[in-house]
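Me: I have a model open and would like to go through some of its residues. Please look at it with me.

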Amino acid sequence: MIKKEDKYILLGKRIKEERKKANLTQEKFAEKINIGYKFLGNIERGEGVPSLETLIKIVEVLDISYDSLLAYNKKESSKTLMQIQHLLSDLSDKRLKEMLIAIKAIKNLIK
């Protein structure tokens, strides 16, 4: 489970990523969502937390869905799973079964 502080950092990264895709400076974007650019910088670094009202404005101005903004966990998981799949792609079926057993054992240890 992701810690609350890490969730804010990931949310901030997603906001920054989407803002840059929209070719908006921090100053221009902050103006559009009615907050100060310094506070926007805090949000993008995970040091500030946007209010619900600000979050709504962010989604509207960037013209994105809420779930795409908040799907940081899925995006990171997908990237990690792809890396794991790449590492295992050249193994035989026998070795894959052995890896599955090892992964299950490790998962039980870290619970």
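Me: Which residues is Thr54 in contact with, leaving aside its neighbours within four places in sequence?
Reply: Thr54 is in contact with Ile33 and Ile35, where contact means heavy atoms within 4.5 Å. This is a predicted model, in which local features need pLDDT of at least 70, side-chain atom pairs count only at pLDDT 80 or more, and totals for chains, interfaces and linings use all residues. Residues are numbered from 1 along each chain as its sequence is written, and side-chain values use heavy atoms, with hydrogens and water left out.

Me: Is Thr54 buried or exposed?
Reply: Thr54 is buried, with a relative accessible area of 8%. Buried means under 20% relative accessible area, exposed over 50%, and partly exposed in between (1.4 Å probe, protein chains only).

Me: Where is Thr54 found?
Reply: Thr54 is found in helix H4, residues 52-62. Helices are DSSP runs of H or I with at least four residues, numbered from the N terminus.

Me: Which residues of H4 are buried?
Reply: Thr54, Leu55, Ile58, Val59 and Leu62 are buried in H4. They lie on the same side of H4, because they cover an arc of only 140 degrees around the axis. The arc is that of the directions from the helix axis to the C-beta atoms.

Me: What covers the buried residues of H4?
Reply: The cover includes helix H1 (4-21), helix H2 (26-32) and helix H5 (66-70).

Me: Changing topic, which residues is Phe39 in contact with, again leaving aside neighbours within four places in sequence?
Reply: Phe39 is in contact with Gly48 and Val49. Phe39 is in helix H3, residues 37-44.

Conventions. Helices (H or I, at least four residues) and strands (E, at least two) are DSSP runs, numbered from the N terminus.
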